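Reader: I have a new model open. Can you show me how to read it, one feature at a time?

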Amino acid sequence: MTDTHGRPSRWRTAVGRVVAGTVLLTAVSLLPWLSGADPALTVLRARSADQDPTPAQLAAVREQLGLDEGPLPHLQHWLGGLARGDAGVSWVSGDAVLPQVTAAFAVSVTLMLGALAVTVAVAGLLSARTLYLGSRRRLQRGRSGTGAAVLAALPKFLLASLLATVCGVWLGWFPSSGWDGPASMVLPSLALGVPSGAMIGGLLDQSLPAAFHEPWARTWQAYGFAPGHIARHALRRTMSGVLPQLLPTVVALVGGAVAVEKIFNIPGLGRLALDSALAQDLPPLQTATLVLVLLGVCAGALIQALRRALLGPALRDGALPALHPPRLPRPRSAPWIAAFCALALLTLVGAGLLRDPLHVDTAARLLSPSPEHPLGTDSLGRDLLARLGHGALRTAVLALAVTAVSVLIGLLLGIAARVGGGLTEVASTLPAVLAGLLTTAVTGPSVGGVALAVCLVGWTPYAAQAAALLEQERASGHMLASISFGAGPGYLLRHHLLPAVLPPVLRNALLRLPTTVLVLASLGFLGLGEQPPTPEWGRLLSENQPYGELAPWTVLAPAGALVLLSVLAVSATATGRRPRRS
């Protein structure tokens, strides 16, 4: 049941958590049998790198691990051991699993705290100007969001490589590899926290004008309240809608930081889960997945408690004012920024389409930009401009399609918060790489399978955001007034709920568009999706990342294209906002 203001009952959310967690753990337990590959062969190769084991060796591994019994007895045995504090032993190394997972989790949580500190700092810097002007009633124009879009579009693994090379190797300020003391967490925290902070800061910066436009803010300013006092309350008012975005961010910093952990050689939980999944080492994979699920549930409950504490009794009593952003004049620079990004992208794509993206010239490997090759060549001597141009349509269409489906699923589950609350918390814990392995085990390696995998986890930020905004909207006074005048569910959805939810969710989706491209690329790089030599922007980044120090142009070109795409999308929305006529 729900209370009188539509808030989902806690027991339904708890049931959703249990059901979703059970389904996820069961799916992970089926991975070795779903993949179609012989689990004994995969485990044996992970143990000894023997590429041609004998049938006797395979039979011995099957008997040792009990693979002929099937997945369910293994799951029951593992769950029974957990009740006694025993998570089993690794199929590959033979070591006890619980100490491995505990140590990796401690490392990941420490890294997460450092990255969260950077996230908060970056978000604060991006929203500081709006806070300052809004608290003084001097906010005359909207923001284009270009700075947030640029930082949010930075690939984390590329930023990690850059920081490791410049700050670690060249300047020697911080360790570039390993995990030994607080200094080791500075560079990976920056690599993880800067893009995440840009995403949170961009959303917060777009929400603050609505808080400063509320009657209380105008009244307080007229009565001479200090600007800092007004800014603190406006921040409290808007943080309740942004806080749910911290749930996927927190889980991604723990379970989804695989690339950064590999670059800095950090023994974290995400790296352990990925290595276990690739080796089909079931006990550590199951235990790591359970830890991520529990982390997601705890983080979700904490964020919900913080939201309700920020909103106070107004949420419970149905007296919460609705946040309606003022129609500020669009930034003067927005049309110019959008036009520049569009022209630059069209020029790159048009010039690239006139060249051959598959021509290999080993004598021209890693050439710097020149009139013959304006963006240089890659490690096989292929023209980067050609590959960038031919991959543009494939990259943009696939990323937009995945984003659209994810937003739609997120909106539907956000509206049905009674069903989606616990499901969102659990689904947000599933790393995209693991989702890709599970999906392609059924569908086989394909672009469609990878897109489906990203959709399975990509909806969670939008569902969390939509559910939070809908909860606030349902507790507003004008919503209760409409209900008292006989408004039905359809009218409320069209005239109140969707107008309050769609703009911020779409803004969030545009900021996350480059991340979608990179996730699709990471799955393709593992052999699950788009295969070489197909040109695709994310794959260009993944393929050329090892050459970033020797030939930086190989990664700067696709990274720059992603930044242009992100800035174009955000600037176009800013260009479309018109001032309210008096």
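Author: We go from confidence to overall form, then to single residues.

Reader: What is the mean pLDDT of the protein?

Author: Start there, since this is a predicted model. The mean pLDDT is 82. Of the residues, 90% reach 70 or more.

Reader: Which elements have the lowest and the highest mean pLDDT?

Author: Helix H16, residues 313–317, has the lowest, at 67. Helix H6, residues 97–135, has the highest, at 92.

Reader: Where does pLDDT stay under 50?

Author: Look at two stretches. One is residues 1–8, with 20 contacts beyond four places in sequence. Another is residues 575–582, with 16 such contacts in the model.

Reader: Now the fold. How many helices and strands does the protein have?

Author: Count the elements before tracing them. There are 27 helices and zero strands.

Reader: What does the radius of gyration say about a compact globule?

Author: For 582 residues, a compact globule would have a radius of gyration near 25 Å. The protein has 25 Å, so the two agree. Then take the spans. The C-alpha trace covers about 85 × 65 × 45 Å along its principal axes.

Reader: How many of the contacts join residues at least 24 apart?

Author: Take the contacts between residues at least 6 apart in sequence. Of these, 76% join residues at least 24 apart.

Reader: Where does alanine 20 lie, and what does alanine 20 touch?

Author: Alanine 20 lies in helix H1, residues 10–29. Beyond four places in sequence, alanine 20 touches Leu423 and Val426.

Reader: Is alanine 20 buried or exposed?

Author: Buried means under 20%. Alanine 20 has 11%, so alanine 20 is buried. Over the whole protein, buried residues make up 52% of the 582.

Reader: What about the accessible surface itself?

Author: The total is about 25,300 Å². Carbon and sulfur atoms account for 67% of that surface.

Reader: One backbone feature is left. What phi does arginine 137 have?

Author: Check whether a residue with positive phi is a glycine. Arginine 137 is not a glycine, yet has a positive phi of about 60°. Arginine 137 lies in the loop between H6 and helix H7. At 34% relative accessible area, arginine 137 is partly exposed.

Reader: Where is asparagine 265?

Author: Asparagine 265 is in the loop between helix H13 and helix H14. Asparagine 265 also has a positive phi, about 55°, without being a glycine. With 38% relative accessible area, asparagine 265 is partly exposed.

Terms used:
Residues are numbered from 1 along each chain as its sequence is written. This is a predicted model: local features need pLDDT of at least 70, side-chain atom pairs count only at pLDDT 80 or more; totals for chains, interfaces and linings use all residues. Side-chain values use heavy atoms; hydrogens and water are left out. Helices (H or I, at least four residues) and strands (E, at least two) are DSSP runs, numbered from the N terminus. The radius of gyration is taken over C-alpha atoms; the globule rule is 2.2 Å times the number of residues to the power 0.38. Buried means under 20% relative accessible area, exposed over 50%, partly exposed in between (1.4 Å probe, protein chains only). Contact means heavy atoms within 4.5 Å. Accessible areas come from the Shrake-Rupley method with a 1.4 Å probe; for residues, only the protein chains shown count as cover. pLDDT is the predictor's confidence in each residue, from 0 to 100.
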